[in-house]
Amino acid sequence: MARERESLQKLYIEQLQDLWSAEEQILEALPKMAEKSKHAELKRAFQMHYQQTEQQVQRLEQIFGELGEKPGGHKCKGMEGLVKEGEETMTEFRDSDVLDAALIAAAQRVEHYEMAGYGCARTYAHLLGLQEQAQLLQRTLDEEGDTDQKLTDLAETVVNIDALK
Ligand code: FE
Ligand code: FE
């Protein structure tokens with residue numbers, strides 16, 4: 001059992017490293033996405049999520065501290081790919097009313113990717129008896145979910161409709 005616990009803890013730390021790298025990459029991408037957004041509400045949503053993301057990074061760093069670990073040394077290639085694809089789409093639909101719809105499509109991929117990662121990490125923390133860490137990760141998971149929902153609402157009520165005009 002002790003051995004299994006050790007390797008679950010190892011997996012947990014690897015997942016946290018992946019999430020930390022993902023968040024760092026999003027912190028670079030979000031200001032560009034906000035800048036490109038035509039709809040003021042979408043711009044605000046990206047700006048607000050930037051601030052949330054800064055807090056999410058702090059939560060991860062708090063967890064690393066508690067585990068006696070340091071973040072860094074690993075690059076999340078999944079997020080690298082999502083950001084790259086997002087950039088390609090932004091170039092493709094530049095100066096068009098479809099751009100905001102494309103930004104939302106890219107951002108929702110990012111949120112779902114994060115939700116998968118945080119859901120797994122939260123469950124590992126729980127299994128390892130690290131309940132406060134599980135709660136911190138759950139808080140981030142909720143924020144990613146809320147952001148995804150907000151993007152869906154914006155797409156369905158405004159952005160996709162304008163993209164059709
Ligand atoms: Fe995040
Ligand atoms: Fe996010």
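**Stop one: the pockets**

Start with the largest pocket: H1, H2, helix H3 (77-92), H4 and H5 each supply at least two residues of its lining. (Helices are DSSP runs of H or I, at least four residues, and strands are runs of E, at least two, numbered from the N terminus.) Before going on, note that this is a predicted model, where local features need pLDDT of at least 70, side-chain atom pairs count only at pLDDT 80 or more, and totals for chains, interfaces and linings use all residues. Residues are numbered from 1 along each chain as its sequence is written, chains are lettered from A and ligands numbered from 1 in the order in which they are written, and side-chain values use heavy atoms, with hydrogens and water left out.

Select Leu30, Met33, Phe46, Ala107 and Glu111: of the 23 lining residues, these are the closest to the centre of the largest pocket. Its volume is about 250 Å³. By class, the lining has 14 nonpolar, four polar and five charged residues. (Ala, Val, Leu, Ile, Met, Phe, Trp, Tyr, Cys and Pro count as nonpolar, Asp, Glu, Lys and Arg as charged, and the others, Gly among them, as polar.)

A pocket here is an open set of points on a 1 Å grid over the protein atoms alone, where a 1.4 Å probe fits, with protein on both sides within 12 Å along at least five of seven lines; lining residues have an atom within 4 Å of a point. Points are joined across faces, edges and corners, and the volume is the space filled by probe spheres set on them.

Now the second largest pocket, at about 180 Å³. Which helix gives the most to its lining? That is H1, with five residues. Pick out the lining, including Lys32, Lys75 and Glu80, and you'll find two nonpolar, one polar and seven charged residues by class.

**Stop two: the irons**

Show both ligands. The iron ion (ligand 1) has Glu23 (OE), Glu23 (OE), Gln56 (OE1), Glu114 (OE) and Glu144 (OE) as protein donors, 2.1 to 2.4 Å from it. Donors are N, O and S atoms within 2.8 Å of the metal (3.2 Å for Na, K and Ca), and water is not among the atoms, so sites may look incomplete. Glutamate 23 in helix H1 (residues 2-36) and glutamate 114 in helix H4 (residues 99-127) are 91 residues apart, and the pair links distant parts of the chain.

Move to the iron ion (ligand 2), coordinated by His49 (NE2), Glu111 (OE), Glu111 (OE), Glu114 (OE) and Glu144 (OE) at 2.1 to 2.7 Å. Histidine 49 lies in helix H2 (residues 40-67) and glutamate 144 in helix H5 (residues 131-164), so this pair ties together parts that are 95 residues apart in sequence. Histidine 49 is buried at 2% relative accessibility, and glutamate 144 at 0%. What bridges the two iron ions? Glutamate 114 does, and the ions lie 3.1 Å apart.

Jump to histidine 39, in the loop between H1 and H2. Histidine 39 is buried at 16%. Leaving aside neighbours within four places in sequence, this histidine is in contact (heavy atoms within 4.5 Å) with Asp100, Val158, Val159 and Asp162.

Last, the structure holds zero disulfides, a disulfide being a pair of cysteine sulfur atoms within 2.5 Å. For cysteine 76, the nearest cysteine sulfur, that of cysteine 120, is 13 Å away. Cysteine 76 is buried at 0% relative accessibility, whereas cysteine 120 is partly exposed at 35%.

Definitions and conventions
Buried means under 20% relative accessible area, exposed over 50%, partly exposed in between (1.4 Å probe, protein chains only).
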